[in-house]
Amino acid sequence: MIFRQLFEPVSSTYTYLLGCEQTGQAILVDPVLPTWQRDLAELNALGLKLAYTVDTHIHADHLTAARKLKQEAGSRIAHPALDQLPCADVSLEDGRPFTVGSITLAPLHTPGHTDHHFAYAVEGRVLTGDALLIDGCGRTDFQNGDAPTLYRSVHDKLFTLAEDTLVYPAHDYQGRRVSSIGQEKTRNPRLGDNKPLAEFVGIMANLKLAYPKFIDYAVPGNRECGQCPPGVPEDMQQYCEQVMNSHQG
Ligand SMILES: [Fe+2]
């Protein structure tokens, strides 16, 4: 399998490119709208054709490129069935493998960050979305998030994978790129080292995070598979299209 980790700097999102060497078909997991052209260029350079986009969940911090890539590259949209998105072409369910060429994703329902969040295990790796980040995890204070539910998802679904399974998260804000199940079980400061549920719930309740800047546009836009909604303010256009940094910095 061809594997690439691509970074989108506005929302610090990792997009994963999975390519089948036999058939030339590819999947993009969590593609981000402003970087759709970069992602297609990457696929072209590798001689791959985009067959599917897949998202881990309805993102609150960016718009998915699923719809745009369908328009531009003819890809199909695969999304967790639980979200019941009318714009999805294929519905993903826990325990039902999703196969493209020689690539098989194992969808893992991992609620807690959002109630319908999925991780995807594939060939010795797990794309953990926002359920498990490197030395962290996604927040649990909106979109039906729930800290005890996230604790159970991580401990019962992700930490039961083989310890050498590589952990590829949907975000990192400090330039870290990859971890492993064994490493997170040992040293994740929120969830590792057999930290009890009550302690985790206390940590998550005291994060005091700001209200997400783009959430009121991202959630409805992502329920349309990445439609930039009307009324996005000027200073947030960078979430809808690539803004060249001609003005400053
Ligand atoms: Fe998220």
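Colleague: In which sense do strand E3 and E4 pair, and over how many bridges?
Modeller: Keep in mind that this is a predicted model. In general, strands of a sheet pair through backbone hydrogen bonds, either parallel or antiparallel. Strand E3 (residues 25–29) and E4 pair in the parallel sense, and the number of bridges is five.

Colleague: Happy with that pair! Which strands stand at the edges of the sheet?
Modeller: Six strands make up an open sheet of mixed pairing, in the order E1-E2-E3-E4-E5-E6. Two of them have a single partner strand each, so one side of each is left without a neighbour in the sheet. Those edge strands are E1 (2–8) and E6 (90–92).

Colleague: And what is the average twist from one strand to the next?
Modeller: The sheet in question is the open one with the order E1-E2-E3-E4-E5-E6. From one strand to the next, its twist averages 25 degrees.

Colleague: Which strands does helix H1 touch, and what angle does its direction make with that of E1?
Modeller: Helix H1 (residues 36–45) packs on the sheet. The strands it touches are E1, E2 (13–19), E3 and E4. Its direction and that of E1 make an angle of about 160 degrees.

Colleague: Over to the metal, then. Which residues are the protein donors of the iron ion?
Modeller: The donor residues follow the spacing H-x55-H-x16-D in sequence. The pair of histidines links distant parts of the chain, with one in the loop between E4 (49–54) and H2 (66–73) and the other in the loop between E8 (103–109) and E9 (118–122), 56 residues apart. Lying 2.1 to 2.3 Å from the iron ion, the donors are His-57 (NE2), His-113 (NE2) and Asp-130 (OD).

Colleague: Why are the buried residues of H6 on the same side of the helix?
Modeller: In helix H6 (residues 215–223), the buried residues are Ile-215, Ala-218, Gly-221 and Asn-222. They are on the same side of H6 because the arc they cover around the axis is only 140 degrees.

Colleague: Nice. Is Glu-224 buried, partly exposed or exposed?
Modeller: Glu-224 is found in the segment after H6, and it touches Arg-67 and Cys-87, leaving aside residues up to four places away in sequence. Buried would need a relative accessible area under 20%, and exposed one over 50%. With a relative accessible area of 42%, Glu-224 is partly exposed.

Colleague: Last one: how far apart in space are Glu-224 and Ile-58?
Modeller: In sequence, Glu-224 and Ile-58 are 166 residues apart. From C-alpha to C-alpha, their separation in space is 10.0 Å.

Technical notes
Residues are numbered from 1 along each chain as its sequence is written. This is a predicted model: local features need pLDDT of at least 70, side-chain atom pairs count only at pLDDT 80 or more; totals for chains, interfaces and linings use all residues. Side-chain values use heavy atoms; hydrogens and water are left out. Buried means under 20% relative accessible area, exposed over 50%, partly exposed in between (1.4 Å probe, protein chains only). Helices (H or I, at least four residues) and strands (E, at least two) are DSSP runs, numbered from the N terminus. The arc is that of the directions from the helix axis to the C-beta atoms. Donors are N, O and S atoms within 2.8 Å of the metal (3.2 Å for Na, K and Ca); water is not among the atoms, so sites may look incomplete. Two strands pair if DSSP finds at least two bridges between them. Axes are lines fitted to C-alpha atoms, for helices over the stretch in contact, and angles run from 0 to 180 degrees between N-to-C directions. Contact means heavy atoms within 4.5 Å.
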